[in-house]
Structure formats: C-alpha cells, structure tokens
Amino acid sequence: MRYGILLSENAKDGDPITGLRDQIADAADRGFSSAWMSNIFGLDAIAALTAAGVQAPPIELGTAVVPTYPRHPAALAQQAMTANAALGGRFTLGVGLSHKVVIEDVYGYSFERPGRHMKEYLEILVPLTRGEKVSYRGETLQAGLRLTTPGAGLPVLVAALGPRMLKLAGTLAAGTVLWMTGPKTIAEHIAPTIKAAAAEAGREAPRIVCSLPICVTDDPEGAVARANEIFSMYGTLPSYRAMLDREGAAGPGDVAVVGDEETVLARLETLRQAGVTDFVGAPFAWRGARSTC
C-alpha cells in the first residue's frame with residue numbers, strides 16, 4: 001500500500017502556492033509517494049498543483065476530486081494533460097459528481113440521473129486523455145475532436161461509492177478515490193464491486209485510493225469528538241452518509257484513523273487488507289497529539 005497526504009490550502013504568509021509547495025516538499029522528505037488536493041470553492045486544484053508542483057520534489061500529485069458538471073470533459077482533459085506535461089507525467093486526475101446541493105443549488109445544473117452523466121463524461125474524457133480522437137453523441141454530452149495537448153496517458157480516477165459508479169470506475173477509469181469510507185465497507189462493497197467490473201472489462205486491477213482523517217494522539221476519544229466536529233458536514237451528505245451507515249459509524253470520527261502509533265498502524269494494515277492500494281491521510285490536530293500524520 002502506498003501512502004499519500006491531503007494538502008491544505010492554508011496560505012503561508014499570504015501565498016497559498018508557496019504553502020502548497022512546502023507541503024509537497026515536506027511530504028516527499030517524509031517518504032510519502034503522493035500528495036492530493038480537493039477542488040471545492042478555494043483554489044483551482046489542477047492549476048494550484050501544477051504551479052506548486054513544478055517547484056517541488058517529484059512525487060505523484062492528484063486531485064481528489066474535481067467536480068465534472070462545471071467543465072466540459074474536453075476542457076478538463078486539456079487542462080489535466082497540460083498539468084501532466086508540466087509535471088513530467090506525475091499528475092493523476094480524480095473526478096467526481098460532487099453533490100446535488102452543490103450542482104443544483106450553487107451551479108444551477110440538473111443533477112438528474114448522475115450515473116448517466118458520469119458514463120457519458122468518462123466516455124469522452126478518458127479517450128481524450130489518451131490522445132485518441134473522440135466522436136461521441138450522448139443524451140447530455142457530445143464531442144468531436146482530438147486534442148494535440150502534450151501530457152497524454154495520465155490516470156483518471158472516479159469518486160465512486162454506489163454500485164453503478166463503482167462499475168463505471170472499474171470499467172472506464174483506472175480506479176476510485178474514496179472519502180469517509182471505512183475498512184468494512186471497502187472489503188465487503190467497494191473492492192469486490194470495482195475489481196469485478198475491471199476484470200470483466202479486461203482491465204488491470206484498479207487503484208483504490210482511500211482518504212480519511214488521521215491523528216496520532218494519546219487522547220483518541222477527544223480526537224474522535226474533534227473529527228466529528230471538523231468533518232460534521234460529511235455526515236449529512238447522502239453519499240457519505242450511506243457509507244458511514246454501511247460501516248456502522250455514527251459520524252465521521254468513527255472512521256477517522258486515530259490513536260497512538262501502534263493503533264494507527266494497525267488501522268492502516270486493516271485498510272490494506274481490505275483492498276486499499278493507496279492511503280491518503282487528511283491530518284487534523286488535537287491536543288495531546290504527538291503528530292498529526
């Protein structure tokens with residue numbers, strides 16, 4: 001299992017790109033193989049990772065994740081390939097649907113039949129990122145072009161939790177990026193579904209990138225409570241709530257990786273045995289913590 005870290009947008013002396021560069025350099029120095037960034041309402045993750053990553057040591061940089069609805073797949077492919085070229089082939093594009101409350105209430109797009117949207121999106125996006133010509137007309141998306149952008153061949157991962165999305169990720173993409181999903185759910189639901197889909201499609205075994213809050217601490221109960229506070233929103237979003245319910249978790253703190261070093265290492269081993277190929281820690285601080293990650 002490879003290890004990565006989720007980057008924070010907190011600016012250093014008012015310069016967020018320098019802050020990201022320093023975080024990537026620190027991750028590389030500490031032996032992490034990758035660094036990931038979410039794309040919400042702050043920095044554009046692809047642009048920020050590119051700007052910071054060209055100044056930092058050469059580890060894998062990925063988005064976890066970029067919402068699909070606001071960008072045509074050809075535009076996103078062009079942007080991602082440009083980033084991959086600038087980073088010397090170290091970029092991984094993670095994409096996701098986001099959530100109905102964001103897509104409809106914030107952006108004003110319809111969230112009707114999200115599975116159809118993602119299937120059509122990937123059927124345009126993935127071939128374009130391989131440098132192939134695409135002639136496609138779906139119910140909601142169409143494209144007819146071949147990009148001459150350098151940087152072809154980057155991996156595309158999909159934020160997939162439900163059965164249909166996992167099958168799409170296994171069939172059309174290189175794997176999945178998870179959030180708020182514990183080891184029981186990965187072992188019994190995520191890994192079997194996506195692996196079966198990839199095998200049926202004749203594809204290589206998919207990556208299963210699992211990102212969870214993490215804190216090494218002598219006060220695990222306090223850390224769980226703090227995680228429930230910091231990440232409370234994710235316990236209310238339907239897709240994550242469904243994963244927490246599958247796990248038997250009352251809230252985000254129950255899937256957070258917390259405890260002393262021995263406990264944390266044991267939790268990470270459980271995730272590896274469940275089928276996780278890459279663990280990406282989202283560090284959070286708590287009093288009594290000896291280390292956040």
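This is a predicted model: local features need pLDDT of at least 70, side-chain atom pairs count only at pLDDT 80 or more; totals for chains, interfaces and linings use all residues.
The largest nonpolar core holds 97 residues, and the members that touch the most others are Phe 91, Leu 93, Leu 122, Leu 125, Val 158, Ile 186 and Leu 271. In soluble globular proteins, nonpolar side chains tend to be buried together. Beyond its neighbours within four places in sequence, Phe 91 is in contact with Ile 46, Leu 49, Leu 61, Thr 63, Ala 80, Ala 83, Asn 84, Leu 154 and Pro 155.

Ile 46 and Leu 49, two of these contacts of Phe 91, are buried residues of helix α2. That helix spans residues 45–53 and is mostly covered, with seven of its nine residues buried. Besides Ile 46 and Leu 49, the buried residues in α2 are Ala 45, Ala 48, Thr 50, Ala 52 and Gly 53. The elements that cover them include the helices α1 (16–29) and α3 (73–86), together with the strands β2 (34–37), β3 (60–63), β4 (66–67) and β5 (91–96).

Two other core members, Ile 186 and Leu 271, take part in a contact between helices, Ile 186 from α7 and Leu 271 from α10. Helix α7 covers residues 183–200 and helix α10 residues 261–274; their axes come within 8 Å and cross at roughly 10°. Since an angle under 35 degrees counts as roughly parallel, α7 is roughly parallel to α10. On the α7 side the contact is made by Pro 183, Ile 186, Ala 187 and Ala 191, and on the α10 side by Thr 270, Leu 271 and Ala 274. Six of the residues in this contact are nonpolar, one is polar and none is charged.

Strand β9 (residues 175–179) is mostly covered, with five of its five residues buried. In a regular strand the side chains alternate between the two faces of the sheet. In β9, Gly 175, Val 177 and Trp 179 are on one side and Thr 176 and Leu 178 on the other, and both faces are covered. Strand β9 runs parallel to β10 (residues 207–217), to which five bridges join it; Leu 178 has Cys 210 as its bridge partner there.

Strands β6 (residues 134–137) and β7 (residues 142–145) instead run antiparallel and are joined by four bridges. A hairpin of four residues connects β6 to β7, and Tyr 136 stands opposite Ala 143. In the loop between β7 and β8 (156–158) is Thr 149, which counts as buried because its relative accessibility is 13%. Apart from neighbours within four places in sequence, Thr 149 is in contact with Gln 78, Met 81 and Thr 82.

Some backbone features remain. Most residues other than glycine have a negative phi, and most peptide bonds are trans. The peptide bond from Ala 64 to Val 65 is cis, with omega near 0°, and Val 65 lies in the loop between β3 and β4. Ser 98, in the loop between β5 and α4, is not a glycine but has a positive phi of about 70°; at 25% relative accessibility Ser 98 is partly exposed. Met 180 also has a positive phi, of about 60°, and is found in the loop between β9 and α7. With a relative accessible area of 0%, Met 180 is buried.

Key:
Residues are numbered from 1 along each chain as its sequence is written. Side-chain values use heavy atoms; hydrogens and water are left out. Axes are lines fitted to C-alpha atoms, for helices over the stretch in contact, and angles run from 0 to 180 degrees between N-to-C directions. Helices (H or I, at least four residues) and strands (E, at least two) are DSSP runs, numbered from the N terminus. Angles under 35 degrees count as roughly parallel, over 145 as roughly antiparallel, 65 to 115 as roughly perpendicular and the rest as oblique. Contact means heavy atoms within 4.5 Å. Ala, Val, Leu, Ile, Met, Phe, Trp, Tyr, Cys and Pro count as nonpolar, Asp, Glu, Lys and Arg as charged, and the others, Gly among them, as polar. Two strands pair if DSSP finds at least two bridges between them. A nonpolar core is a set of buried Ala, Val, Leu, Ile, Met, Phe, Trp, Tyr and Cys residues joined through side-chain atoms within 4.5 Å. Buried means under 20% relative accessible area, exposed over 50%, partly exposed in between (1.4 Å probe, protein chains only).
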